[in-house]
Amino acid sequence: MIYVVIGFLWLSICLYVILGGADFGAGIVEQFTRKKNRPKTQTLMYTSIAPVWEANHMWLIIAIVILFVGFPEVYTTLSTYLHIPLVLMLVGIIARGTAFTFRHYDAVEDSWQRIYTQIFYFASLLTPFFLGLTAAATISHSINPEASNFLDLYIFSWLNWFGVAVGLFTVSICAYLASVFALRETSDRFELGMMIRKSKQTMIFVVIAGLLVFITAYFSDIPLLMWVFSKPLGIMATVFATICLFLILRAMNRRKLLPVRALAGFQVIMILVAATYQHNPNIILFANGEHLSLLDNVAAPKTISALGWALMLGSVFILPFLFYLMASFSKLRR
């Protein structure tokens, strides 16, 4: 049953990165759009994320619950040493959702609309950045339980060049997903051309940020190159992600947009596989050479069994209705 629980943990993280990432990316893309084109971009982003934006954080909640119930030592370690970026990320999630609601439904259009919009923009940018910082800290050997001062324990455990690079990479992935997902929501040639240009621009940012991740990993003595390219699975995942990039470009150039969302989602999954499979099930790598494993640092067998059954039964209700929600919104747009 432990592998069922780990599988659901992996699935929830993937879905949050893909769907939640596209949600955050909607604000990023809108922020970096020319003012004259922002109304069109805003409409496209709203339409693109409408089926899932209120359900996106469900996947984050599921991941947190799985860690809390099934892997309490991992949960405690993360919430202790990385509490600052985690709190900032949660503040960003709350501020973004609140600002989005106020600027969309506020009956009075005044100067507060601009304030809501700016909060929405910066929360959309900073939230995935801190998510990337947190993820980087778990594998960068920067968490030092033996540190004796506040800075080493709670600041430099996540604030370093590698973490910043992964944060920027996460931001660029979110913008890329949002722009690609919005391609099928366009209603005329101008909108389609605009979103294709944005998709290509964000592709460039993803590649640049990805190279920056490898460069900072090298100078930080993090064996990221070895993790990705030392075994066939990492090489295959990288090749598949690269092939998806060219297939998406080809689909955009030919204006055949049906497969682009699936390709972009699969591409992100391959990136996650390439970056994480080598050191799994070790989910946290400490500065002193020790680690926390999802197989060794686990709750009691009865707890894992109950959690696994709860996740399987819950998925029977959650996943079909999620697909139904997407299909319903698709029909409404026709």
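Reader: Which residue forms a salt bridge with Glu-30, and how far apart are the closest N and O atoms?

Author: A salt bridge is a side-chain nitrogen of Lys or Arg within 4 Å of a carboxyl oxygen of Asp or Glu. Here Glu-30 pairs with Arg-103, and the closest N and O atoms are 3.0 Å apart. Glu-30 lies in helix α1 and Arg-103 in helix α5, so this pair ties together parts that are 73 residues apart in sequence. Helices are DSSP runs (H or I, at least four residues), numbered from the N terminus. This is a predicted model, in which local features need pLDDT of at least 70 and side-chain atom pairs count only at pLDDT 80 or more, while totals for chains, interfaces and linings use all residues. Residues are numbered from 1 along each chain as its sequence is written, and side-chain values use heavy atoms, with hydrogens and water left out.

Reader: How many salt bridges does the structure hold?

Author: The structure holds 2 salt bridges. Besides the pair already described, the side chains of Arg-96 and Asp-23 meet at 2.8 Å, N to O. Arg-96 belongs to helix α5 (residues 83-105) and Asp-23 to helix α1 (residues 2-31), so parts 73 residues apart in sequence are tied together.

Reader: Are Arg-96 and Asp-23 buried or exposed?

Author: Buried means under 20% relative accessible area, exposed over 50%, and partly exposed in between (1.4 Å probe, protein chains only). Arg-96 and Asp-23 are both buried. Glu-30 and Arg-103 are buried as well.

Reader: With which residues is Gln-31 in contact, leaving aside its neighbours within four places in sequence?

Author: Contact means heavy atoms within 4.5 Å. With those neighbours left aside, Gln-31 touches Arg-38, Tyr-121, Phe-122 and Leu-125. Gln-31 is part of helix α1 and counts as buried, at 13% relative accessibility.

Reader: How many aromatic pairs does the count come to?

Author: Rings of Phe, Tyr and Trp (its six-membered ring) pair if their centres lie within 6.5 Å; planes under 30 degrees apart count as stacked, over 60 as edge-to-face and the rest as tilted. The count comes to 12 aromatic pairs. One of them joins Phe-129 and Phe-130 edge-to-face, at 5.7 Å centre to centre with 75 degrees between the planes. Phe-129 is buried at 17% relative accessibility, and Phe-130 is buried with a relative accessible area of 14%.

Methods. Helix = DSSP H or I, 4+ residues; strand = E, 2+ residues; numbered from the N terminus.
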